[in-house]
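I opened a new structure today and kept notes as I went. Here is what I looked up.

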Amino acid sequence: MTHSNIAQFGRGAWALSADDGENAARVILVEGSTVSVRAQGRAVDVAADSLLVSRTASPAALSIPDTGRAFVLTIPLTAAERSGLGEELIVEIARDRVSGILAHVIRGIAADHGGGASAPSRRVRDQLADMVRAMCTDESRSGTFDLSTIFDAATDCLYRRLWDADINSEALARELNVSTRTLHRAFRAADTTVGSWTRERRLEKCRDDLIDPELWQLAVSAIGARWGLPDAAHFSRLFKARFGVSPRRYRSDAKQASTFPAAIAVLAEAA
């Protein structure tokens, strides 16, 4: 069985060799900026202040930008230890969670060896394995990384507050009790962003109001402000980019379309 080790990597492209495959786990701590990790035919982007846990320490490649660095921990695992880990998990580091403790220990061991590769003792290796397993269990129980659930809760909250021009990612994350990074990951998993999703729903609401005869007495700018777009010029630009015409023209066309049949009927009766 391979020895456990910790190595630090800076800017550049790095190849990581296999370490007993299914008999080992790899934990990559990322700092500074997003690091790309390619393994087993797929690439994963790991944001700064996150940990990537992979049950299989297969060959991998790191791509680290100028401002980033990565600590790579490889630990041998028994069959019982492997059963406590998922195939792959990205964990955001939190000081009050196991992830924060594990990150602190990895940094400390690397610092004690001047940033070079080091091989922790068997006792430290066992403690690291325990922490990795506990972190995975901690995240699983917390449900933090059920991104679809977070996305559903976030969009429900946003939909109820489309009128609020001040709603933003930070306020939404606080309301949902998640980090902004997790919130953004949930939206990326749904192929959108907080801003894009909110803007699209607001514009749809504005479009519906512009063609509602009961709201024709409201100014076009008031319609935009009603749905969280108080800057009239900005609202007009967004609306035209989305629907091809200005909101004023859109309303005018709707009015004309609604009155034209009535005018034809009047002319027919007169004839």
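**Entry 1: ground rules.** I am reading a predicted model, in which local features need pLDDT of at least 70, side-chain atom pairs count only at pLDDT 80 or more, and totals for chains, interfaces and linings use all residues. Residues are numbered from 1 along each chain as its sequence is written, and side-chain values use heavy atoms, with hydrogens and water left out.

**Entry 2: the whole chain.** I looked up the helices and strands and found ten helices and nine strands. These are DSSP runs numbered from the N terminus (helices are H or I with at least four residues, strands are E with at least two). The chain has 271 residues, and 41% of them are buried. Buried means under 20% relative accessible area, exposed over 50%, and partly exposed in between, with a 1.4 Å probe and protein chains only. The chain exposes about 14,300 Å², and carbon and sulfur atoms supply 51% of that area. The areas come from the Shrake-Rupley method with a 1.4 Å probe; for residues, only the protein chains shown count as cover. I also checked contacts (heavy atoms within 4.5 Å). Of those with a separation of 6 or more, 72% are between residues 24 or more positions apart.

**Entry 3: E31.** I found E31 in strand 3, residues 24-31. Is E31 buried or exposed? Its relative accessible area is 10%, so E31 is buried. Next I looked for polar contacts (pairs of N or O atoms within 3.5 Å; within protein, one must be able to donate a hydrogen and the other to accept it, and residues adjacent in sequence count only if both atoms are side-chain atoms). The E31 side chain has one with the side chain of R69 at 2.7 Å. It has another with the side chain of R107 at 2.3 Å. Leaving out residues up to four places away in sequence, E31 also touches residues including A48, D49 and F71.

**Entry 4: S50.** S50 sits in strand 6, residues 50-54. I noted S50 as buried because its relative accessibility is 1%. Its side chain reaches the backbone oxygen of A47 at 3.2 Å. Beyond neighbours within four places in sequence, S50 contacts I28, L29, V30, I90, V91, E92, I93 and R181.

**Entry 5: helix 6 against helix 5.** I read off an angle of about 100° between helix 5 (residues 169-176) and helix 6 (residues 180-189), with axes 9 Å apart. Axes are lines fitted to C-alpha atoms, for helices over the stretch in contact, and angles run from 0 to 180 degrees between N-to-C directions. The two helices are therefore roughly perpendicular, a label for 65 to 115 degrees. S169, E170, L172, A173 and L176 of helix 5 meet T180, L183 and H184 of helix 6.

**Entry 6: helix 6 against helix 4.** Helix 4 (residues 147-160) and helix 6 cross at roughly 95°, and their axes come within 8 Å. This pair is therefore roughly perpendicular too. Among the residues that meet are L147, I150 and F151 in helix 4 and L183, A186 and F187 in helix 6.

Entry 7: Which residues of helix 6 are buried? I listed T182, L183, R185, A186 and F187. The buried residues of helix 6 pack against strand 9 (88-92), helix 4, helix 5 and helix 7 (194-210). Just after helix 6, D191 takes a positive phi of about 60°.

How values were computed: Angles under 35 degrees count as roughly parallel, over 145 as roughly antiparallel, 65 to 115 as roughly perpendicular and the rest as oblique.
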